[in-house]
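Here's a quick tour of a protein chain for you to follow along with. Keep the 3D view open and click on residues as we go.

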Amino acid sequence: MQSELKITKHAGRRMNQRGIRPAELDAVLRYGDVEVRLPGGAHSLSMSRTALDELRNEGTEAHFIERLRRVAIVIANDQGSVVTALKVYGREGRRYRREGK
């Protein structure tokens, strides 16, 4: 299902502005295991330390894993599109990475 997601124009622009590469988006969509519900029914998807460690053990390059560590993807409630991508930093960004709610 995740491979069928569309990337909105907004998400594409934000990825470009924020330096998030298509390979990083693909990795988060494929291996992301932290899902957080957001207002309006959307949810964010990111990778836990466990998922990153598994990629490291499979031989993924360290600099790529470091880039993935801060990436979060927001997916619309219809499960049909990636609406934005961001790099999570500080207190404001925690809402996209925390588990629960």
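Which residue in β3 does Val36 stand opposite? Val36 faces Ser44. Keep in mind that this is a predicted model, where local features need pLDDT of at least 70, side-chain atom pairs count only at pLDDT 80 or more, and totals for chains, interfaces and linings use all residues. Residues are numbered from 1 along each chain as its sequence is written, and side-chain values use heavy atoms, with hydrogens and water left out.

**The overall picture**
- The chain has five helices and five strands (helices are DSSP runs of H or I with at least four residues, strands are runs of E with at least two, and both are numbered from the N terminus).
- Starting at the N terminus, the order is β-α-α-β-β-α-α-β-β-α.
- Of the 101 residues, 40% are buried (buried means under 20% relative accessible area, exposed means over 50%, and partly exposed is in between, using a 1.4 Å probe and protein chains only).
- Take the contacts with a separation of 6 or more: 57% of them join residues 24 or more positions apart (contact means heavy atoms within 4.5 Å).

- β2 and β3 pair in the antiparallel sense over four bridges (two strands pair if DSSP finds at least two bridges between them).

- In α2, the buried residues are Glu24, Leu25, Ala27, Val28 and Leu29.
- Their cover includes β1 (6–7), α1 (9–18), β3 (43–46), α4 (62–68), β4 (71–75) and β5 (81–87).
- The largest nonpolar core has 20 residues, and Val28, Leu29, Met47, Leu68, Ile73 and Val82 touch the most other members (such a core is a set of buried Ala, Val, Leu, Ile, Met, Phe, Trp, Tyr and Cys residues joined through side-chain atoms within 4.5 Å).
- α2 gives the most to this core, with four residues.
- Another core, of eight residues, lies apart from it, with Ala42, Ala72, Val74 and Leu86 among them.

- Glu24 belongs to helix α2 (residues 22–31) and is buried, at a relative accessible area of 0%.
- The Glu24 side chain makes a polar contact with the side chain of Arg67 at 2.3 Å (a polar contact is a pair of N or O atoms within 3.5 Å; within protein, one must be able to donate a hydrogen and the other to accept it, and residues adjacent in sequence count only if both atoms are side-chain atoms).
- Ala11 sits in helix α1 and is also buried, at 0% relative accessibility.
- Ala11 and Val83 are 72 residues apart in sequence, yet their C-alpha atoms are 5.2 Å apart in space.

**Helix α3 and its two sides**
- Ala51, Leu52 and Leu55 are buried in α3.
- Those buried residues fall within an arc of 100 degrees seen down the axis of α3, so they line one face of the helix (the arc is that of the directions from the helix axis to the C-beta atoms).
- On the other side of α3, Arg49, Thr50 and Asn57 are exposed.
- The buried residues of α3 pack against α2 and α4.
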